[in-house]
Amino acid sequence: MSETLLKVDHLKVHFPMRATHLFGGQGAPVRAVDGVSLDLKAGETLGIVGESGCGKTTLGRAILRLIEPTDGRVLWMGQDLLGLGAGHLREARRHMQIIFQDPLASLDPRMSVETIIGKPLRIFHPELSRKQVRERVLETMQQVGLAPSMANRFPHEFSGGQCQRIGIARAIILKPKLIVCDEPVSALDVSIQAQIINLLMQIQRDLGLSLLFISHNLAVVRHISHRVMVLYLGKVMEIADRDDLYARPLHPYTEALISAVPIADPRTERGRERLLLEGDLPSPINPPSGCRFQSRCPRATEICGQAEPPLVGYGKNHLAACHHIQVQD
């Protein structure tokens, strides 16, 4: 069994809001992430899905302490990251990297590709000579499908897909153990999305990486993930092995998300019944009482507004938080 690299216990990220009334003071906080727990093993990909505003990006950045959590624990190889000082946190971060959603915006337009990709080496390995850094940069460029002759170019000279390859090269040049992929293909054309996903999977096999793959695209998540976690308004609704989740979704929110994924066969697509969610995502400042999903749930009853459902196991590695789970044989 693979070792558990990352363990997150009841992580919370609440952003304070200034009150809008006459006397000022503190208003109710934005509960972006509200008690999320997860674990990630070596070489595993955990997909994190949900609508925009459900807390996916905040969760990923809080795990890396790019955003300071409000409460909870983040254990990296048994070490609590939230208790580390700046020096020890910097040392831990050499093993944890991130790929951002907007490939061009994540690159400094004043730097050449060689400088961008090589910067982590210069920070964490100052003992390397300029020649050694350049050799590692060119080797990594080839690994992500970029010609070494492009090393002296600047970000504006590349397409969106090429810029994302540069971002991936920057993330892997230190040979990390974990990469948080924050919607890494959402800004790209569909054909380019497939290339980038396949590249990430190849790099994962080559380096033995663990991935936290954040996306709202369930088709992409199904292709790359080993397990999938469904978030809604800062809470975990369901988590399961990929094939089990897509074949047997237990939570009504998961069912609705999967129902929205188009099917390639036109006849099947036209004939199937979709589960449509009514209403908008509630405000994380004032979430519904009890179950977070109860205001939009077709199964909601009185208990859903009174008590928050716990995550309960339904078979091997399948957890769901709902008072009215309908288990199918």
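These notes walk through a predicted model of one protein chain, point by point.

1. **Overall build.** The chain has 10 helices and 12 strands. Its radius of gyration is 21 Å, close to the 20 Å that the globule rule gives for 329 residues, so the chain is as compact as a globular protein of that length. Along its principal axes, the C-alpha trace spans about 70 × 60 × 45 Å.

2. Of the 329 residues, 47% are buried. The chain exposes about 16300 Å². Carbon and sulfur atoms supply 51% of that area. Now take the contacts with a separation of 6 or more. Residues 24 or more positions apart account for 64% of them.

3. **The sheet.** Look for an open sheet of 8 strands. Its order is β6-β7-β8-β3-β9-β10-β12-β11, and the pairing is mixed. Which strands are at the edges? They are β6 (96–99) and β11 (312–313), and each pairs on one side only. As background, strands of a sheet pair through backbone hydrogen bonds, either parallel or antiparallel.

4. Strand β3 covers residues 45–49, and strand β8 covers residues 210–214. They pair in the parallel sense, over 4 bridges. Leucine 46 stands opposite leucine 212 in β8.

5. **Helices on the sheet.** Helix α1 (residues 56–63) packs on the sheet. It touches β3, β6, β7 (178–182), β8 and β9 (227–232). The direction of α1 makes about 150° with that of β8. Helix α6 (residues 190–207) also packs on the sheet. It touches β3, β6, β7 and β8, and its direction makes about 160° with that of β8.

6. **A residue in α1.** Threonine 58 is found in helix α1. Is threonine 58 buried or exposed? It counts as buried, because its relative accessibility is 15% and the cut-off for buried is under 20%. Leaving aside neighbours within four places in sequence, threonine 58 is in contact with Val13, Phe15, Ala32, Val33 and Ile67.

7. **A hairpin.** Strand β4 (residues 71–76) and strand β5 (residues 79–80) run antiparallel, joined by 2 bridges. Leucine 75 has aspartate 80, in β5, as its bridge partner. The hairpin has 2 residues between the strands. There, methionine 77 takes a positive phi near 55°.

8. Most residues other than glycine have a negative phi. Two loop residues deserve a look here. Lysine 175 has a positive phi near 55° and lies in the loop between α5 and β7. Leucine 233 has a positive phi of about 50° and lies in the loop between β9 and β10 (235–241). Their surroundings can be read from accessibility. Lysine 175 counts as partly exposed, at 48%. Leucine 233 counts as buried, at 2%.

9. **Helix α3.** This helix covers residues 113–124. Its buried residues are Val113, Glu114, Ile116, Ile117, Gly118, Pro120, Leu121 and Phe124. What covers them? The cover includes α2 (86–93), α4 (130–143) and α5 (160–172). An α-helix has 3.6 residues a turn, so residues three or four places apart point the same way.

10. **Tyrosine 246.** This residue is in helix α8 (residues 242–247). Its relative accessible area is 10%, so tyrosine 246 is buried. Which residues does tyrosine 246 touch, not counting those up to four places away in sequence? They are Leu218, Val221, Arg222, Val228 and Ile258. Tyrosine 246 and serine 259 are 13 residues apart in sequence. In space they are 10.0 Å apart, C-alpha to C-alpha.

11. **Cysteines.** How many disulfides does a search of the whole structure find? It finds 0. Cysteine 291 is in no disulfide, and the nearest cysteine sulfur, that of cysteine 304, is 6.0 Å away. Cysteine 291 is buried at 9% relative accessibility. Cysteine 297 is buried too, with a relative accessible area of 15%.

How values were computed. Residues are numbered from 1 along each chain as its sequence is written. This is a predicted model: local features need pLDDT of at least 70, side-chain atom pairs count only at pLDDT 80 or more; totals for chains, interfaces and linings use all residues. Side-chain values use heavy atoms; hydrogens and water are left out. A disulfide is a pair of cysteine sulfur atoms within 2.5 Å. Buried means under 20% relative accessible area, exposed over 50%, partly exposed in between (1.4 Å probe, protein chains only). Two strands pair if DSSP finds at least two bridges between them. Contact means heavy atoms within 4.5 Å. Axes are lines fitted to C-alpha atoms, for helices over the stretch in contact, and angles run from 0 to 180 degrees between N-to-C directions. The radius of gyration is taken over C-alpha atoms; the globule rule is 2.2 Å times the number of residues to the power 0.38. Accessible areas come from the Shrake-Rupley method with a 1.4 Å probe; for residues, only the protein chains shown count as cover.
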